[in-house]
Amino acid sequence: MNGGLSGLRSEAAGVVRTVLVSAENLQLTLRSDISLEECALSNHQHYGGSEETKSKGNEDLKEMLESTKESLKLEAMKRVVGLIASGKNASELFPAVVKNVASKNIELKKLVYVYLVRYAEEQQDLALLSISTFQRALKDPNQLIRASALRVLSSIRVPIIVPIMMLAIKEAAADLSPYVRKTAAHAIQKLYSLDPDQKEHLIEVIEKLLKDKSTLVAGSVVMAFEEVCPERIDLIHKNYRKLCNLLMDVEEWGQVVIINMLTRYARTQFVSPWREDGVFEENSEKTFYDSDEEKKEGASQTKPYVMDPDHRLLLRNTKPLLQSRNTAVVMCVAQLYWHLAPKHEVSVITKSLVRLLRSHREVQYVVLQNIATMSIQRKGLFEPFMKSFYVRSTDATHIKTLKLEILTNLANEANISTILREFQTYVKSQDKAFAAATIQAIGRCATNISEITDACLNGLVLLLSNRDETVVAESVVVIKKLLQTQPSQHSDIIKHMAKLFDNITVPMARASILWLIGEYCEHVPKIAPDVLRKMAKTFTSEEDIVKLQTVNLAAKLYLTNSKQTKLLTQYILNLGKYDQNYDIRDRTRFIRQLIVPNEKSGALSKYARRILLAPKPAPVLQSAFKDRDRFQLGTLSHTLNSKATGYLELSDWPDVAPDQSVRNVEVVEVAKEWASAVSKTKPAKSDDDKFYSDSGEEEEAEGSDSGSSGSEDSSDSSSSDESGSEAESEDKSESSEDSEKSSSQSEKSSDSGTDKKKKKTLKNKKLQQGKKASKDSDSDEGQKNGHLEKSGSGSASASSEESSSESSSESSSDSDSGTDQKKRTKPKPVKKVEETPKKEKEVSLLDLDDFSPAAVTTPKSSILSPSLLSDLEGLSLSSSTPAIQVSSPVFVPVRSHELLHRMTGKGLAAEYHFPRQPCIYGDRMVSVQLTFNNHGDHALEDIHISEKTSTGQNIHCFRPIERLEPEASVTVSVGVDFNDSTQAASFQLCTKTERFSVSVQPTVGELLLPVTMTEQDFNREQGKLVGMNESSATITMAPETVSTQPVSKKVVSVANVGVVPSGQDNVHRFAAKLVSSGSLVLVCVVQKDSSAQLTVNTERTVVGSMLLRELQTALSSSP
């Protein structure tokens, strides 16, 4: 019967297959249910048929792979990959699969790549035939295909193609796509494992990729560095500050790798911060950058430890990652702070680590192990969170044991009563292993805290009557260790244990009682011989450990009470002489020669009492994690308590810090090349010099050049997500060399330059009003200058005093992060020009085109030929092109957000909203309006906000409100630099008597400023921002949102963008730039009936994806 059914199935499958082939030849379309039936029948043959049917199935797959129809090939490859996943051998299909490696279908090509990676080593000859195809794919315009080809090429473990792989990696390392460069970094590790002799060539590629400014590449290249050449610390010097600044934007896997590497780097480059005379305050700039006079005054005193700014940079930039959703990142930051931070700053990691205990048990296990190690050295660190380590009934045994370990480490005189109450509950647990571990923990607490030793002993003695043998046995072992501390005072306990001896069956517990009785037999002279008599009866049936202690007890009693125990001892020694265990036989022979003197025994028998009854030190009950601190926290070696393969030890702190100038980055070469190109095109150099050195404005030009270059550097340094951080660190490293000079120059020029500054302000305003196509940074500066002219002399003098007090800290921010510079810098334009340290003169050449319209009467305009102007526009040294200007907002939302409720503020209520206007306090700041209302019965005095935000953003405060009467309200404006992030800016709103913690939460649309541009400029800029810089989605629009007006209205209501004129009715374009970095954000909506294609292009990929989600939500909803 079964044979007939199988025959029918085979016949039916053959018929279906014939029909399929015929339909394919006739170009017919079959119904889906027929294909499903065919798949079911073919699957039955593959998995349930004989070898013959399997070979037939492979033949079918070969026919499908050799078909001219892409859909059949794709279906065949899916089935082939399914066979591989299920453990089946599909190597016979290798020739048929290789033929499709040049397919234009990306999905098919990916599946072919997966197959080739699996079987390339087995079919090396055939795999080599496809190398040329991969080499051609490396030149493909699609970045995904280039990356996939390199991935497969590096996965073919054939030594003969090492030179080809090396060449492909070098070419991919210079690819324009960061995704391909990331793949090249991954390929470096594979090639190194295949051929370690290529190390020197790979190091050159790693050195090149380490200079990459893309966050996509950073983590991968650092991983390659760790695998290939972790000892080459010199490669990190120039990239240290860039890696610190990029850390927040790198993917989570890359953050883990980079943090581990920077931890090792910091231990070799900085001195130990664990000195008692250290100065660590993060906001104390005076301790970091003292003036010359303060340095001279303190020279006679002993120089205290001052943390290296680069050391502080690492700690500051990793601290926000403690809030990461990835547990590995949080654990990495925690170990970095543990190994690098000053001891008083380590406490910031405790809340984050405790938060991880809510995760899966695997995560809990690793985190608890690290906390256990930390709690040994720093008990007070986790003591406030002691309740988080209480054991739950749902915890696994290994989690319970670790929590028990931590509670024991945290025990002290203050909390021991609470912990012991917990332990009493744990002893009753049904988990026997956990109950035994609890008794050991009680013993450790009794040893460490002498005040509770007696109480613990009494509690353990009560446990001796427990029904559970495991609990009793563990209690006996712990009591034995505790009694060694003061045995003379506890002879009653020894007697009690001797009485319970017959009821105890666990070998370790019986052996412990025998050892106690033998060791302190003089305290129980009547009980000890009787116990020995009982043991002589059951000696042959006892476990080996009990027999050994019985022999020891007999020997000790023979020496102390030979009259009563001489015969018993001889009897036991005779039994042990013929025991099956050789350890017992050897011990018996040794004891006999030691205690029973005869002619053969030597001088050793004279010292028998001193050998057997020597006073023994009390055992020290230590934690199992006592010695794990020799391994770096968070590593596999720490978890296993054994050095794992590939573990890199942390070096000791150097006694003297190495030269920190090795981390200073040189000047960007682009500016120098540009300057040299300009000098070549100048017909008369003397005229150019006269332009910068006119007798009437020489000092003024120097001041304005330094100011403009400083502002441009700060805006350019954050023009993109990839290049911003490195540029900031370069600028700061340059300013560190001139900090002392700039401070002295600012003092000299502060008095004499006020009048010249006013003239320069008027001149700049006229020039900027006369030129329509000016840069964004220049237009913003013009708005600031216009505002300052309207302000009174009082405000000007006040702002000048503030800016003069800030100049020293601003000019000396040499190696700090971008956020730190923003925190300490308040853009007060009145005197900023004079006090900013002078940058390179070449960078000021960027402003030549700004001056050209006003310099009509001078021969300067002849220098700027059309070719030079086109070159200047193409340099892309600024964040926006001259044709792109900041425009007024299209739509200003009137909705306000609650900042402080009147109940929380004790009568003071505060709201905030975004006016969508350029901030007058700084180009990188978002303008925020605050409205205060006094709902109380009495007037509020001295309303102000703290300048320091807890989340690290730079904030420009408003002038303190001296008095706010009841039922009165007042509106003020502040500036906040959100660093192109939607993270809330938290600060304190203060009155004369109260302080309230508040926060301003921006949406991603409020981080933008609208810009104007033509449709051609929009398309050109959009063409530059493709690939990883593009986010798109297809949305279904509501029927009411089909007309043109609602689309534009909805977009501008969500984001502060400008409308770009469009020649097509169904295409809507919007443009803006990020306030902080100046990066362009382009939005395009293409309507197609009831659906629309939404595209967002920007260098800041995180901002782009967030803006895409908000726009998608707004356009999908009804108006």
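In what sense do β2 and β3 pair, and over how many bridges? In this predicted model, the two strands pair in the antiparallel sense, and 3 bridges connect β2 with β3.

**View 1. The open sheet that contains β2 and β3 has 5 strands.** The strand order is β2-β3-β4-β8-β6, and the pairing is antiparallel. Because β2 and β6 (954-956) each have a single partner strand, these two strands stand at the edges, and one side of each is left without a neighbour in the sheet. From one strand to the next, the twist averages 30°.

**View 2. Lysine 906 lies in the loop between β2 (897-900) and β3 (908-913).** Most residues other than glycine have a negative phi. Lysine 906, by contrast, has a positive phi, with a value near 55°. Lysine 906 is exposed, its relative accessible area being 52%, which places this residue over the 50% cut-off for that class.

**View 3. Asparagine 979 occupies the loop between β8 (969-977) and β9 (985-990).** Although asparagine 979 is not a glycine, its phi is positive, at about 60°.

**View 4. A further open sheet is formed by 4 strands in the order β7-β5-β9-β10.** Pairing in this sheet is antiparallel. The edges are taken by β7 (961-964) and β10 (995-1000), each of which has a single partner strand, so that one side of each is left without a neighbour in the sheet. Neighbouring strands are turned against each other by 30° on average, direction ignored. Strand β5 (residues 940-945) and β7 run antiparallel and are joined by 3 bridges; glutamate 941 has arginine 963 in β7 as its bridge partner.

**View 5. Helix α24 (residues 416-427) packs with helix α25 (residues 432-448) at an angle of about 155°, and their axes are 9 Å apart.** An angle over 145 degrees counts as roughly antiparallel, and α24 and α25 are therefore roughly antiparallel to each other. The crossing in which α24 passes α25 is left-handed. On the α24 side, the contact involves Ile416, Phe423, Tyr426 and Val427, which meet Phe434, Ala435, Thr438, Ile439, Ala441, Ile442 and Cys445 in α25. The residues of this contact of α24 with α25 comprise 10 nonpolar and 1 polar, with no charged residue.

Terms used: Residues numbered from 1 in each chain as written. Predicted model: local features only at pLDDT ≥ 70, side-chain atom pairs only at ≥ 80, totals over all residues. Heavy atoms only, no water. Axes fitted to C-alpha atoms, helices over the stretch in contact; angles between N-to-C directions. Parallel < 35°, antiparallel > 145°, perpendicular 65-115°, else oblique. Left-handed = near helix turned anticlockwise from the far one by under 90°. Contact = heavy atoms within 4.5 Å. Nonpolar A, V, L, I, M, F, W, Y, C, P; charged D, E, K, R; others polar. Buried < 20%, exposed > 50% of the residue type's maximum accessible area, 1.4 Å probe, protein only. Pairing = 2+ DSSP bridges.
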